Amino acid sequence: MIDEDAKEDKLDFDSSEESVGYISLDQARVLSIEHARENPDRYTDRYAGRRLVFEVVSAEEGEDYYDVMLARRPSGRFRGKPGLEQFTIEKTGQIQLRQILDDP
């Protein structure tokens with residue numbers, strides 16, 4: 001019989017025998033916004049140099065990954081439809097996929 005407490009206390013290790021840290025879904029949300037804000041090179045020239053605002057539209061936890069959807073729009077008054085961006089983040093915090101689904 002497997003001791004459930006021992007199973008929960010087990011740490012994962014990488015190939016260099018260092019423990020692997022996992023992030024929470026909340027941390028994945030913040031990570032996606034930080035990454036989008038710090039890497040605006042994927043946005044069209046129309047928004048180059050403009051400050052953008054990001055909002056988490058949805059965030060789901062899978063077995064191995066977090067899936068985070070962000071809405072983005074120019075700051076200030078904006079009457080259009082916000083853009084949509086998807087992030088797939090490993091539970092270790094590495095971004096595996098970033099794709100622009102729709103521009104504002």
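Which side chains does a polar contact of 2.7 Å join? The pair is Arg72 and Asp103. The points below concern a predicted model.

1. Overall arrangement. The protein chain contains 2 helices and 4 strands, and their order along the sequence is α-α-β-β-β-β. Among contacts between residues at least 6 apart in sequence, 42% link residues at least 24 apart.

2. Burial and surface. The protein chain has 104 residues, of which 26% count as buried. Its accessible surface amounts to about 7600 Å², with 44% belonging to carbon and sulfur atoms.

3. Arg72. This residue lies in strand 2, which spans residues 65-74. Arg72 has a relative accessible area of 2% and is therefore buried, the cut-off being under 20%. Beyond the polar contact between its side chain and that of Asp103, and leaving aside neighbours within four places in sequence, Arg72 is in contact with residues including Tyr43, Leu52, Val53 and Phe54.

4. Ile23. This residue is placed in the loop between helix 1 (4-9) and helix 2 (25-38). Ile23 counts as buried because its relative accessibility is 18%, and the limit is under 20%. When residues up to four places away in sequence are not counted, Ile23 touches Ala28, Leu31, Tyr66, Ile89, Glu90, Lys91, Thr92 and Gly93.

5. Ile23 and Ile89. These two residues are 66 residues apart along the chain, and their C-alpha atoms are separated by 9.6 Å. Ile89 is one of the residues that Ile23 touches.

Technical notes. Residues are numbered from 1 along each chain as its sequence is written. This is a predicted model: local features need pLDDT of at least 70, side-chain atom pairs count only at pLDDT 80 or more; totals for chains, interfaces and linings use all residues. Side-chain values use heavy atoms; hydrogens and water are left out. Buried means under 20% relative accessible area, exposed over 50%, partly exposed in between (1.4 Å probe, protein chains only). Contact means heavy atoms within 4.5 Å. Accessible areas come from the Shrake-Rupley method with a 1.4 Å probe; for residues, only the protein chains shown count as cover. A polar contact is a pair of N or O atoms within 3.5 Å; within protein, one must be able to donate a hydrogen and the other to accept it, and residues adjacent in sequence count only if both atoms are side-chain atoms.
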